[in-house]
Structure formats: structure tokens, C-alpha cells
Amino acid sequence: MFIVGVLFLTSSLFATAFVFDSRGHQRQLLLHIISPSISTTQQQESESVLKSSSSDDDWNDSTNNNYNIKRVPVVAGNWKLNPSTVQEASSLLKLLASNFIHHRDNNSAEEVVQHQLQPEVIVFPPFPFIERAVSILEGTGIKVGAQNVGTAVKGAFTGEVSTSMIRSLGCDYVMVGHSERRTIFDETDESINTKIKLALEEGGLKIVLCVGESLEEYENELLSSVVNLQIKKALKDISKDQIMNSGGGCNLIIAYEPIWAIGTGKVATPVQAQMAHVVVRKTLEELYGWDIANQIQIQYGGSVTPDSIADLMSMADVDGALVGGASLTADGFTRIVDGASSA
């Protein structure tokens, strides 16, 4: 094994090098940087990350083929309970539509040829704005999704919304398992599993499944076990045939969102995001095998900004972003999409 490229600094503690093994497979190597300016605590934390990144499992042929696979990036904007009125929502949607049409009109011939590698873009507005979003964004390439869905198909369930309702409005995606739904509304892994099954049965709906650990869980080194369990419970009794659609694509996206980074301004470093995404992909491999696990896009979510997106997207297993507050301004969200495009 030998290094064939330039060393890329990923943080004050690590650098990334790309190497080829004896079989010609390209692999990403995380190198530990020793510096007298780094504190003892930082050194211990970095040694822990390095150890987890260099296990035998990370270096076998199956778990490194992802560096040879090009997954289409996916950038999604979660509007949460915003904006306050349909008039404000319409203004934001029109600005987004204008931005994306403008981008397309100014593409060079070469960029048009490479358009398939540009990010898939999704917005998740509140329920009352979904129909307006579908109408205004028509022709822009931006997809629309619902932030949540109920656990029933129809009946006496006041306040609930079914998968058939959101699909009939034109939604292509539904988000389930967001940490705010889990913590504020006490949603369980079991109810999330029910929602995913209903969405898959509906047909035409893709799922963005959110997973992630709390600050306390992170500090107690429980990230792997928490994320692994959340994914396995959410996807219980869901087959690989259900995960894949008839066109050969995936019906599932995973959004890793460390709870301690959501709305706090704190962002996981690119190395931290990559390590968490490796955990996600290994869990998917356990469930569905490497071929499918390697096709599923994994987003990072947690205070993503135009300034942080490029570094995050430089990691091999970060396939996009689930954007919160920054998606509420058209220019900011467009810059994040641009950052994902250029990474």
C-alpha cells in the first residue's frame, strides 16, 4: 500500500490521504497529526476517533468500495414551524424557484452534461404550505416533502395526516424520526417503523429517516450503539425489495443529525461526521448487504451553513445535508446547494 496523492488537512488533529491497495482499490486514510500545541484532551479524543476509523472492518474490500461509488448528493431544507404566513412562504418559494431557474439558464454546455451529478434538492414546508410549494416549484427540479405523517390510513384520528394525503398533494418525500418529533412529541421507534411501512406501501414516496444521539450519549461514547439501534428498530421487518424501487434506485435516505448540533450553532467536524456516517452505513450493510448499503445516501444535519457545507461534503460518506434555519433564506439555501455541488 502506498500514498499516491496530496495530503489534505481535515482538522488540526487529522489529515486525509488517498492510497491504493495491492488490488488497485482507492481508499481514504485518516492520519493522526501529533503537535505540541494540541492539548492532552484533544490528543485522547483524536486517538479514539483514529482507533475507530482504522479497524479491520474499515479496511476490508467491501467496506471501502464506497470510495469508488459516486452517490448523487441530496440537500434538503427543513422549514420546521416556519414561516408564519402563507404569504411569507410564497415569497420564499418564488425566490427559490427564481434562483434555481436562473442557475439552470446560466449553465454551460459542460455543466448541463454533468447535471446528473448535481445535488437533488428537497424542501419540507409545513403541511398548510405543501400544495403551494408543489405549484410554485414546478419545473425547477426541486422536490417537495412532508415533515411528518400519521400512523393510520384513515378514520377517527383528529389532527392526523395520512401518506395518501401527502402523496396526492404532490409530495415525493416524507421525513420521519426527526429528533424534535422524538423528544418533544415522544415519538417511538415503533411508531417510526409504522410510518415507514405505510409510506412504502403508498408507492412513490421516499423516506428520509432521521437518527442521532444526544450530547450526553455522545460524551459517553454511545453514538454507535444509539444510531445502530435507531436504524434497526425503524427498519424492522422491512425487506431489501422494499428499500429498492422498480427503477433500481433507493426509497430511503438516512439523515444523521447529532442532537447536540441542531439549532445550537455547533457543527460536527468533517471527521466526526464521517465517523458517524460509517456507523450508519455499516448498520445498513448488516440489514441489507453492502450493495444496497452503498447506494443509500446519508445526509448530515445539524446547523449546516454555506460556510460549513464544502468541508462536510469532502468526506467520503457524507452525501448531502439536511438544513434547518439556513433553508429559510433563498440565497443561503442556494449557496449550500452550490457548496454541495462543488465539493
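Here is a short tour, from the whole chain down to single residues.

This is a predicted model, where local features need pLDDT of at least 70, side-chain atom pairs count only at pLDDT 80 or more, and totals for chains, interfaces and linings use all residues. Residues are numbered from 1 along each chain as its sequence is written, and side-chain values use heavy atoms, with hydrogens and water left out.

**Whole chain.** Switch to cartoon: the chain has 15 helices and twelve strands. Those are DSSP runs numbered from the N terminus, with helices being H or I of at least four residues and strands E of at least two. Of the 343 residues, 48% are buried, where buried means under 20% relative accessible area, exposed over 50% and partly exposed in between (1.4 Å probe, protein chains only).

**Proline 83.** Next, select asparagine 82 and proline 83: the peptide bond between them is cis, with omega near -10°. Proline 83 is in the loop that runs between β5 (74–78) and α3 (86–105).

**Aspartate 186.** Now move to the loop between α7 (179–184) and α8 (189–202), where you'll find aspartate 186. Its phi is positive, about 55°, although aspartate 186 is not a glycine. Aspartate 186 is exposed, at 59% relative accessible area.

**Aspartate 237.** Last stop: the loop between α10 (223–234) and α11 (240–243) holds aspartate 237. This non-glycine residue has a positive phi of about 65°. Aspartate 237 is exposed, with a relative accessible area of 62%.
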